[in-house]
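Morning, everyone. I have one model to show today, and I'll keep it brief. Here it is on the screen.

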Amino acid sequence: DIPMPRLQALDRCCFPAPRAAFLRRWIGPPHRALVAEHDGVAVGFGVIRPCHDAHRVGPLVARDARTARGLLRALVAPLEDAWVLLDVPDANPAATALAARLGMAPVMRRTRMYTGPPPTIGIERVYGVTTLDLG
């Protein structure tokens, strides 16, 4: 129930381009989105979606690891013994550590490469990318 401008502001701190239309579609069924708030301020959000024989979480954006952990646990809570995938950016060591603490294990590695300077984004807030195709 978060107003879209607030969700877009959270996303914009971690993604180098506006993507309002994409977000509106991405958070709708069959995907499920949750927002974490603290004192009425949105401090993180996450989305989970079905894919093949698993569920993928992404994006998972949070001000800190505690918030990311709470969002991730809430997103996967309704699932019974489902395989959950989370694409964690290596550039955020707190995200890698969180996934390891939750018993997640790497199944593959990918490297993000740029032809110019990388975009300036708050990678320390990204605990899971939206998709490897969309960032």
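Let me begin with a detail. At the start of helix 3, which backbone nitrogen does a side-chain oxygen of aspartate 64 reach? The backbone nitrogen of arginine 66, to within 3.3 Å.

A word of caution before we go on. This is a predicted model. The mean pLDDT of the protein is 89. 98% of its residues reach 70 or more. Confidence is highest in helix 3, at a mean of 96. Helix 1, residues 4–12, is where confidence is lowest, at 88.

Now the overall picture. The protein has four helices and five strands. Reading from the N terminus, the order is α-α-β-β-β-α-β-α-β. The C-alpha atoms fill a box of roughly 35 × 35 × 30 Å along the principal axes. What about the radius of gyration? It is 14 Å, and a compact globule with 135 residues would be near 14 Å, so the two agree. 38% of the 135 residues count as buried. Take the contacts between residues at least 6 apart in sequence: 61% of them join residues at least 24 apart.

Back to helix 3. This helix covers residues 65–76, twelve residues. From first C-alpha to last, helix 3 reaches 16 Å, close to the 16 Å expected at 1.5 Å a residue. Which of its residues are buried? Thr67, Ala68, Leu71, Leu72 and Leu75. These five cover an arc of only 130° around the axis, so they sit on the same side of helix 3.

One last stop: histidine 31. Where is it? In the loop between helix 2 (20–26) and strand 1. Is histidine 31 buried or exposed? Its relative accessibility is 18%, and the cut-off for buried is under 20%, so histidine 31 counts as buried. A polar atom of the histidine 31 side chain lies 2.7 Å from the backbone oxygen of tryptophan 26. Leaving aside residues up to four places away in sequence, histidine 31 touches Trp26, Val47, Ile48 and Arg49.

Conventions: Residues are numbered from 1 along each chain as its sequence is written. This is a predicted model: local features need pLDDT of at least 70, side-chain atom pairs count only at pLDDT 80 or more; totals for chains, interfaces and linings use all residues. Side-chain values use heavy atoms; hydrogens and water are left out. Helices (H or I, at least four residues) and strands (E, at least two) are DSSP runs, numbered from the N terminus. The expected span of a helix is 1.5 Å times one less than its number of residues. Buried means under 20% relative accessible area, exposed over 50%, partly exposed in between (1.4 Å probe, protein chains only). The arc is that of the directions from the helix axis to the C-beta atoms. A polar contact is a pair of N or O atoms within 3.5 Å; within protein, one must be able to donate a hydrogen and the other to accept it, and residues adjacent in sequence count only if both atoms are side-chain atoms. pLDDT is the predictor's confidence in each residue, from 0 to 100. The radius of gyration is taken over C-alpha atoms; the globule rule is 2.2 Å times the number of residues to the power 0.38. Contact means heavy atoms within 4.5 Å.
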